[in-house]
Each structure stands twice: as C-alpha cells, then as structure tokens.
Amino acid sequence: MIDGRVIKAAYFAAEKHKTQRRKDTEKTPYINHPLALANVLAVECGIDDVEVICGALLHDTIEDTKTTEDELLESFGEQITRIVLEVTDDKTLDKVERKEAQVSHAPHISDQAKLVKLADKISNLRDISASPPFDWSVERKQEYFDWAARVIDGLRGVHPELEALFDQVYSNRPSAEPHSEPESKAAMTPEQLKAKQAEFRRMALKGIREMGPETLANKRS
Ligand code: NDP
Ligand code: ZN
C-alpha cells in the first residue's frame, strides 16, 4: 500500500519547483533532483522511512522556493518539517559561510536528516559528473567534490551502504584536464606544426574579412 504522504510530497515539490531548472546545459527540470534523492534512498538503498523520503522530496522547498515552515507544518507535520529545516541553509550567511556551516552542522543533525544530506550530496556529485553546471571549470568541480566529502565525513556512521555509495560516486572526482596545446605541439612533426600555424592564420584572416572594416572599427572604439 502506497503511503499518500509520499505522493503528496512529490506533488507539493513539483508545484513549488515548477518554474525552476537545474544548472546543467540541458536545463533539466528542478524536480528531477528531489526525485533523484528519493530514488537513491528508497530504491537504491531500500530505506522505507516515509518521513525520510518525504524530507528528501521536500528538501529544497524552503531553501529554493517561497515555501514557508508553516506551510510544511500544516501539510506534513512536525517530523518531516524538522528534517527539511535541518538540511536548509541559512541564507542570511554569505556563500562561503554557508558552505562552512554545512560542514560544522552535519555531525549534529538527526539521523533522518543525515540520510537526506547523504542522498543530496550523492545526487549532486552524480550531476557534476554527468551533467555539470554549464560554466564550471574542473577546479570548481573538484572543489565541490572535496567540500561535499568534508560534509559527509562529519556525519558518517549512520548508514554504511549509503556512505559506501557516496564513496563510490566520489571516486569519479574529475581530474585536471590535460593541457592540450603543448602536448599536441610536442606530438607534431615540424611540418605538421607549420601546417597548423598556416591554418590558424587563414582562419584568423577569414574571420577579419567576414567581420568587415566597420565591425572592426566598432570593436576598437
Ligand atoms: P554552489 O557551489 O552552491 O552550486 C552548487 C549547487 O547548485 C549544488 O549544491 C546544487 O544545490 C545546485 N545545482 C544545480 N544544478 C546542479 C548541477 N547540474 N550539478 C550540481 N549541482 C547543481 O554554487 P554557488 O554559485 O552558490 O557557489 C558557492 C561557492 O562556490 C562559494 O563558496 C564560492 O566561493 C565558490 N565559487 C567558486 C568558484 C571557482 O571557480 N572555484 C567560482 C565561484 C564561486 P542543491 O542541492 O541545493 O540543488
Ligand atoms: Zn538538493
């Protein structure tokens, strides 16, 4: 028998996030993210605590939409609202402080909130590996992986299977992109290098011709 609270939470979150998109190139609908958390917990790890699943579905409603604590209390009661509040960042802090606050708070939140936090970080690391924010450098992705690991290291001991899943996802931490130019230059014969340089010159001249003198003048001014 399906517990109606799960469907109610999924529907509530879908309504609240309906105009939002994730930061990836495809602008994935935001609701895919809370659903991914619920899937990690219930399907991948067999967690059947309805309050935790509802907390996961609702986890970004206060932080990222106009949803209030009272609204959650009225629709979902105290326990689920408490879980959501425990994983909600304090937006009065600046971004760096918020990141540090997650690290220092993680050990002190309830076990139910720790499960949601684990699923959130698993989902975000997977997203960064498969469909990252469109403008992130490798260094920024690495920073995020390392910060997420600091948060999770502070709450370990709550669910070994979920923690192992986090470690597995963390093992895909992006590595530095090879610096392509010197390597490809080194791999070229002098003739190939000359041909490549001539090709660049042709492309540059073609670009200048296509822009026309007027555009060039505008660019300079
Ligand atoms: P965040 O680092 O907070 O962005 C990541 C968050 O975006 C995730 O936690 C997730 O939050 C959400 N998100 C949405 N789409 C995706 C996706 N496709 N993949 C992964 N996560 C997604 O970004 P901010 O811009 O808020 O920056 C915060 C920090 O980053 C600051 O500390 C700042 O100093 C630092 N920074 C670093 C830079 C660098 O180049 N190194 C440049 C700029 C900032 P949720 O789970 O809530 O959906
Ligand atoms: Zn989230």
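Reply: Gladly! Helices (H or I, at least four residues) and strands (E, at least two) are DSSP runs, numbered from the N terminus. L85, for instance, sits in helix α5 (residues 69-86). This is a predicted model, where local features need pLDDT of at least 70, side-chain atom pairs count only at pLDDT 80 or more, and totals for chains, interfaces and linings use all residues. Residues are numbered from 1 along each chain as its sequence is written, chains are lettered from A and ligands numbered from 1 in the order in which they are written, and side-chain values use heavy atoms, leaving out hydrogens and water.

Me: Why is L85 called partly exposed?
Reply: Buried means under 20% relative accessible area, exposed over 50%, and partly exposed in between (1.4 Å probe, protein chains only). L85 has 32%, so it is partly exposed.

Me: What makes H33 count as buried?
Reply: Its relative accessibility is 2%, so H33 counts as buried. H59 is buried too, because its relative accessible area is 1%.

Me: Which residues are the protein donors of the zinc ion (ligand 2)?
Reply: They are H33 (NE2), H59 (NE2), D60 (OD) and D120 (OD), lying 2.1 to 2.6 Å from the zinc ion. Donors are N, O and S atoms within 2.8 Å of the metal (3.2 Å for Na, K and Ca); water is not among the atoms, so sites may look incomplete.

Me: Why is K27 called exposed?
Reply: K27 has a relative accessible area of 55%, so it is exposed. K27 lies in the loop between α1 (4-16) and α2.
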